[in-house]
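Visitor: I am new to this structure and would like to learn how to read it. Please show it to me first.

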Amino acid sequence: QVQLVESGGGLVQAGGSLRLSCAASGRTFSSYAMGWFRQAPGKEREFVAAINWSGGSTYYADSVKGRVTISRDKTKNTVYLQMSSLKPEDTAVYYCAGTSKYCSTYGCYSTTSNFGSWGQGTQVTVSS
């Protein structure tokens, strides 16, 4: 497994931008698919975005498509989530996750149980 540490969360006004980072440790990071999930108070954890091991394929939830970009830098063992045009409904704790499971579909990447490594989360608050 890989160990994951998120950073970059904070308070931002609606319409603003944030970039979340997820630093991974472990030599298997380059072979892991990575994802971002979020959980708002009183709600279940939900899928935001994912990127495959090579970085060649990305997947996004409809709620963030066009406003969010996931990327990875294997030289830095880091995954990023660039968010723009933020809305109050984007307020949540954002979690980075990794999986060694082979996925090739949105359904696979968007399922939390397919991810075995999780970070501690970073709070994103969007004020109206």
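**Charged pairs and packing**

Guide: Asp90 and Arg67 are both buried, where buried means under 20% relative accessible area, exposed over 50% and partly exposed in between (1.4 Å probe, protein chains only). The model is predicted, so local features need pLDDT of at least 70 and side-chain atom pairs count only at pLDDT 80 or more, while totals for chains, interfaces and linings use all residues. Residues are numbered from 1 along each chain as its sequence is written, and side-chain values use heavy atoms, with hydrogens and water left out.

Visitor: How do the side chains of Asp90 and Arg67 meet?

Guide: A salt bridge is a side-chain nitrogen of Lys or Arg within 4 Å of a carboxyl oxygen of Asp or Glu. Asp90 and Arg67 form one, at 2.7 Å from N to O. Strands here are DSSP runs of E with at least two residues, numbered from the N terminus. Asp90 lies in the loop between S8 and S9 and Arg67 in the loop between strand S6 (58-60) and strand S7 (68-73), so the pair ties together parts that are 23 residues apart in sequence.

Visitor: How many salt bridges does the count come to?

Guide: The count is 4 salt bridges.

Visitor: Which residues have the most contacts inside the largest nonpolar core?

Guide: In soluble globular proteins, nonpolar side chains tend to be buried together. A nonpolar core is a set of buried Ala, Val, Leu, Ile, Met, Phe, Trp, Tyr and Cys residues joined through side-chain atoms within 4.5 Å. The largest one here has 39 residues, and those with the most contacts inside it are Met34, Trp36, Ile70, Leu81, Met83, Tyr94 and Tyr109. Strand S5 (residues 46-51) gives the most to this core, with 5 residues.

Visitor: Which residue in S3 is the bridge partner of Ser7?

Guide: The partner is Ser21. Two strands pair if DSSP finds at least two bridges between them; S1 and strand S3 (residues 18-25) pair in the antiparallel sense over 5 bridges.

Technical notes:
Helix = DSSP H or I, 4+ residues; strand = E, 2+ residues; numbered from the N terminus.
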